Amino acid sequence: MKPYAFGVDLGGTTVKLGLFQTDGTLVEKWEIPTRPENKGENLLPDIALALLGKLAEKAIPVTEVAGVGMGVPGAVLRDSYVKPCVNLDQWGGFDVAEKLSALCHLPVKIVNDANAAALGEMGQGGGKGCKNVVFVTLGTGVGGGIIVDGKLLAGVHGAGGEIGHIKVKNHEDRFCGCGKCGCLEQYASATGLVNSAKLFLASNSAPTKLTDYPALTCKDICDCAKAGDECALQLVEEMDRLLGKALAAISCVCDPEIIVIGGGVARAGSIILDGVQKCFKKYAFPAAEDTAFALAQLGNDAGIYGGVQMILSGV
């Protein structure tokens, strides 16, 4: 194995990049702005320039770099072809690995960003030491990644690990971003929890501290729940119940060693982790009800760690 590799995480606002040694040690990380205008015509040239510039700065020849692993916010086929990304002005619809490789003169592998985070948490984070991991990230939406025997379960259509779009409510008329109704993302994301709170407050007159916040956030709800506010507790417990139930269903298919929970919502800590684990145990197949749970550890760096993990482990 050559001594160096790159991990890249393409986000809607910034591109995070990391230069790694091939023992997994992070040498340096940095960011550049994401420029999605004009169907993202500048994205790959900007990334290639950043990678080659770092090699020049460190006096590392291209021949000493094993490759580039990059996470992108969209569905990926065959580690290279990216379907159009709605959050990047419909950028995609072509073989991204091939084009970036031609620009930076390095082997390139592409993966969905949530799958990249899953790989990162398996390699160096909350799932370190495990080869069968379910990772779920609770942020603006709900994303995830499923790893079986050290390999990503990406699926034929690049839809493997779309945990947020498991249907958890049959009688729901709120539309999810995917166009369907009743998806987990509508209830277990930061956005979903706030929307649930607003609907609850509009139809419930019970006293609650939640009405003290003119611009209610997910953190406000979790903080109120920790403080014992009954309405906030009811909202968080329902979110925990739905997420635990969805994860129990997933465990019936892939039977993971550990379930790792990350994203902004998970920063609330034990009120989320313990609640979800309790509900998981209630709904899980008996043989799997003691599946381990952990909080993610890599934060915003999970994507670059996961990108480089693709190169280092050949997943």
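Predicted model: local features only at pLDDT ≥ 70, side-chain atom pairs only at ≥ 80, totals over all residues.

Definition first: helices (H or I, at least four residues) and strands (E, at least two) are DSSP runs, numbered from the N terminus. Residues are numbered from 1 along each chain as its sequence is written, and side-chain values use heavy atoms, with hydrogens and water left out.

**Pocket**

I went to the second largest pocket. I used this rule: on a 1 Å grid over the protein atoms alone, a pocket is an open set of points where a 1.4 Å probe fits, with protein on both sides within 12 Å along at least five of seven lines; lining residues have an atom within 4 Å of a point. Its volume is about 200 Å³, taken as the space filled by probe spheres set on the points, with grid points joined across faces, edges and corners. The lining has 13 residues, and the closest to the pocket centre are Lys169, Arg174, Ser196, Leu235 and Glu238.

Which helix gives the largest share of this lining? I found H8, with five residues. Helix H6 (190-203) and helix H8 (230-254) each supply at least two lining residues. By class I noted seven nonpolar, two polar and four charged residues. Here Ala, Val, Leu, Ile, Met, Phe, Trp, Tyr, Cys and Pro count as nonpolar, Asp, Glu, Lys and Arg as charged, and the others, Gly among them, as polar.

**Aromatic pairs**

I found four aromatic pairs in the structure. Rings of Phe, Tyr and Trp (its six-membered ring) pair if their centres lie within 6.5 Å; planes under 30 degrees apart are stacked, over 60 edge-to-face, the rest tilted. Tryptophan 91 and phenylalanine 94 make an edge-to-face pair, 5.7 Å centre to centre with 90° between the planes.

Buried means under 20%, exposed over 50%, partly exposed in between (1.4 Å probe, protein chains only).

Phenylalanine 280 and phenylalanine 293 have ring centres 5.2 Å apart and planes at 70°, so I logged this pair as edge-to-face too. The pair links distant parts of the chain, 13 residues apart: phenylalanine 280 is in helix H9 (residues 270-283) and phenylalanine 293 in strand S13 (residues 292-295). Phenylalanine 280 is buried at 0%. Phenylalanine 293 is buried at 11%.

**Charges over rings**

I counted a charge as over a ring if NZ of Lys or CZ of Arg is within 6 Å of the ring centre and within 35 degrees of the ring normal. Lysine 54 has its charged end over the ring of tryptophan 30, 4.5 Å from the centre. Lysine 99 sits likewise over phenylalanine 94, 4.5 Å from the ring centre.

**Salt bridges**

I found eleven salt bridges (a side-chain nitrogen of Lys or Arg within 4 Å of a carboxyl oxygen of Asp or Glu). Glutamate 28 and lysine 58 form one at 2.8 Å, N to O. Glutamate 28 lies in strand S3 (residues 26-33) and lysine 58 in helix H2 (residues 43-58), 30 residues apart. Glutamate 28 is partly exposed at 22%, and lysine 58 is partly exposed at 34%.

Arginine 35 and aspartate 46 form another, at 2.9 Å, N to O. Arginine 35 is partly exposed at 35%, whereas aspartate 46 is buried at 18%. Last entry: salt bridges with shared partners join Glu28, Lys54, Glu57 and Lys58 into one network.
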